[in-house]
Amino acid sequence: MKKDGRNDFIQYTTLLHAKNNAAVSGDAFSIVLTDDSFVAVLVDGLGSGIEANVSAKIVTEELERDPTCGLDDILQRSNARMLGKRGAVAAVIRIRFQQQIIEFSSIGNITCKIFRQLPKKIIYPRRTVGYLSGVEQGFFIQAVEYYSGDSFILHTDGIEIIEAGTLFSEEEFIKFQYGQSTNLKLQNDDASFIAGRLF
Ligand SMILES: [Mn+2]
């Protein structure tokens, strides 16, 4: 499954590859792009197959229900629905085009890399240990400013990025976006990413 899109502020692509080419993936994503913002969630349901997919879909539903609500609220509402389910790790990102701010909130091992061009630096928003389990817990939002020409990748642990530094090159980044980069390694797992360039 692939989805991509663009406007004057962003161009993004995605990849979602189910383990062993299964029909159902335990990873899921959802994206809402408007003139003001890009809001996305990337989720890795624990385990694989249908039960993992059910947990992952809870988080994409919570984003789609109200894409304007706080990122921590999306995780909080998802968490509240996980009792009796497998659970999931998840990251939510909101990019505010006018303010040029990236907001990020997550739980567990979804990786976010922000490629800042000047000076060249990969920014890793802090990750929180744990997963959405239904047990009461808190979430926090980090904010990072960005500049025209910066880019970002969100990915699950089914993806490994070799020598991420080469992706500062726009040409290499675009190859990555379309799954044609030698830097992109798929593990034997559900694998997914969201990769965007910011203008
Ligand atoms: Mn995984």
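1. Donors, in this note, are N, O and S atoms within 2.8 Å of the metal. Keep that in mind, and remember that you're looking at a predicted model.

2. Start with the manganese ion. Its protein donors are Asp44, Asp157 and Asp189, each through an OD atom, and they lie 2.2 to 2.6 Å from the ion. Along the chain, these donors follow the spacing D-x112-D-x31-D.

3. Aspartate 44 sits in strand 4, which covers residues 37-45. Aspartate 189 is in the loop between strand 12 (184-186) and strand 13 (191-198). The two are 145 residues apart in sequence, so the pair ties together parts of the chain separated by that stretch.

4. Are these two aspartates buried or exposed? Buried means under 20% relative accessible area. Aspartate 44 has a relative accessible area of 8%, so it counts as buried. Aspartate 189 comes out at 19%, so it is buried too.

5. On to the cysteines: how many disulfides does the structure hold? The count is 0. For cysteine 69, the nearest cysteine sulfur belongs to cysteine 112 and is 19 Å away.

6. Cysteine 69 has 7% relative accessibility, so it counts as buried. Cysteine 112 is also buried, with a relative accessible area of 3%.

Conventions:
Residues numbered from 1 in each chain as written. Predicted model: local features only at pLDDT ≥ 70, side-chain atom pairs only at ≥ 80, totals over all residues. Heavy atoms only, no water. Disulfide = S-S within 2.5 Å. Buried < 20%, exposed > 50% of the residue type's maximum accessible area, 1.4 Å probe, protein only. Donors = N, O, S within 2.8 Å, 3.2 Å for Na, K, Ca; no water. Helix = DSSP H or I, 4+ residues; strand = E, 2+ residues; numbered from the N terminus.
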